[in-house]
Amino acid sequence: GPYAEEPIRSPKLIVQGEAPFNAEPELKLLVHDQLTPNDLFYVRNHMPVPVIHPEEYRLEVVDTNGKMLVSLSLEDLKKLPKHVVAATIQCAGNRRNELDAVKKVKGGRWEGGAISNAEWGGARLADVLALSPSSAKTIEISEAHHLCFEGLDTDPGTGAVYAASIPVDVLHRVPDVLLAYEMNGETLPRDHGYPVRAVVPGIVGARCVKWLGRVVLSKEESTSHWQRQDYRSFSPGVDWDTVDFTKAPSIQEMPVVSSICDHSLDGEKKTISMSGYAWSGDGKGIIRVDVSADGGKTWQEAALRKKGSQKRNETYDWTLWDATIKAPANGKTELVCKAVDSAYNTQPERAESIWNLRGLLNNAWHRVDVDKV
Ligand code: MTE
Ligand code: MO
């Protein structure tokens, strides 16, 4: 069948869907290293993984009318200057299960592991666009409002290819929008887009199109289902009878998020140690993470494992954190974390207030029930 040529995957991944393949690592594995190992990096596929022969691969850039502006082989792409960017990619559906528990949502299961961090190596999209003939450069590129990315994966039923777009202004703010062929110094794995994927730092995972075949310079957004009928969020009051997908913009920059990934009790010292991740979109770094062991009545600051390389408003990778907090005298407790980004944006207290019918963008305080301390 269409899923006969899927790659071999790590048994450490928690499989949330077999075909198409969707899987996330166990949360505590995410806080071992700043960089998520390639075989543990969450996988979100909408269709079978395509089989692409590197010698046949072409990356094409076309204008709105389909006129070819640039056509490159993999070798051509690798001849352009290589840039490396540390960037977290997160699925908009990360932590959907908590929204589903509030009220049923449509969408695949995700705990808090549909987020991972890697160093991506590849050519800058801007360098590829600069290869188009100068007449095209001045006319087509300056008039394009959106950059549409088309994948080479196709839906076995409908024949649709995965596609999504970003507004062109992103490229002006984020020089390292990459056409990546390396992940953590290795060849990009098949599940993550071999041979080439788009990496758009600070932007939702859905726009980081894998198995990238074409970039279309366009006056409008991608017309794909995933751009127009999905990956948009709505008021908690909107249901499937009233939803109008034209009324909400597509998700691009992500809000500030954090999760508790691991915790342990020191029975002797009567303390609880916790570790987790925090991240915000659009290059906003994390300036603080607050933790609580009493459901948010009292708070303490976590220690951030800050990276020296993180620059203000250009921090695209996550911040891991650790905290040790006094355990309540006895009984049940609720551990909580919330993060603050460089614009002082923080997270909403309850998932109820941000519930939406597709279960997207859950960045409520993360809570972990501890039965006995
Ligand atoms: N690109 C293609 N071609 N096909 C896909 O199904 N899924 C998108 C995006 N790019 C997808 C894609 C979604 S929704 C997410 S969250 C990320 O890829 C996941 O990237 P990863 O599997 O490398 O973690
Ligand atoms: Mo996603």
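How many of the seven residues of S9 are buried, and is the strand enclosed or open to the outside? Please follow with the sheet around S9 and the rest of the chain.

Modeller: One caution to begin with: this is a predicted model. Five of the seven residues of S9 are buried, so the strand is largely enclosed by the rest of the structure. A residue counts as buried here when 20 or more other C-beta atoms lie within 10 Å of its own C-beta.

Now the pairing. S9 runs antiparallel to S8, and six bridges join the two. One pair of opposite residues is Thr-154 and Val-161, the latter in S9. S8 and S9 form a hairpin with six residues between the strands. Within that hairpin, Gly-159 has a positive phi near 80°.

Next, the sheet. S9 belongs to an open sheet of five strands, in the order S5-S4-S13-S8-S9. Its pairing is mixed. Strand S9 (161-167) stands at one edge and strand S5 (68-73) at the other; each has a single partner strand, so one side of each is left without a neighbour in the sheet. From one strand to the next, the twist averages 15°. Strands of a sheet pair through backbone hydrogen bonds, in either the parallel or the antiparallel sense.

Strand S8 (146-154) gives two or more residues to the shell around ligand 1, as does strand S3 (43-44). In total, 18 residues surround ligand 1. The closest are His-46, Cys-91, Gly-151, Tyr-162 and Gly-205. By class, the shell has 10 nonpolar, five polar and three charged residues.

Step back to the whole chain. The domain assignment gives domain 1 (13-247) and domain 2 (257-370). Their C-alpha centres lie 27 Å apart. Contact between them involves 38 residues of domain 1 and 28 residues of domain 2. On the domain 1 side, strand S6 (82-90), helix H2 (96-102) and strand S7 (115-124) each give two or more residues. That side has 19 nonpolar, 10 polar and nine charged residues.

For another enclosed strand, go to S20 (residues 333-341). Eight of its nine residues are buried, so S20 too is largely enclosed by the rest of the structure. Strand S16 (residues 286-292) runs antiparallel to S20, with six bridges between them. In that pair, Asp-290 has Lys-338 of S20 as its bridge partner. S20 also pairs with S21 (residues 366-370), again antiparallel, over five bridges. There, Cys-337 is the bridge partner of His-366 in S21.

Last, a single residue. Gln-300 sits in strand S17 (residues 300-301). Gln-300 is partly exposed, with 13 other C-beta atoms within 10 Å. Leaving aside residues up to four places away in sequence, Gln-300 touches Val-291, Ala-323 and Ile-325. Gly-276 is 24 residues from Gln-300 in sequence, and their C-alpha atoms are 14 Å apart in space.

Key
Residues are numbered from 1 along each chain as its sequence is written. Chains are lettered from A and ligands numbered from 1 in the order in which they are written. This is a predicted model: local features need pLDDT of at least 70, side-chain atom pairs count only at pLDDT 80 or more; totals for chains, interfaces and linings use all residues. A residue is near a molecule or strand if its C-beta atom, placed from the backbone, lies within 6 Å of it. Helices (H or I, at least four residues) and strands (E, at least two) are DSSP runs, numbered from the N terminus. Ala, Val, Leu, Ile, Met, Phe, Trp, Tyr, Cys and Pro count as nonpolar, Asp, Glu, Lys and Arg as charged, and the others, Gly among them, as polar. Two strands pair if DSSP finds at least two bridges between them. Axes are lines fitted to C-alpha atoms, for helices over the stretch in contact, and angles run from 0 to 180 degrees between N-to-C directions. Domain bounds come from an automatic or database domain assignment. Two residues are in contact if their C-beta atoms, placed from the backbone, lie within 7 Å. A residue is buried if 20 or more other C-beta atoms lie within 10 Å of its own, exposed if 12 or fewer, and partly exposed in between; C-beta atoms are placed from the backbone.
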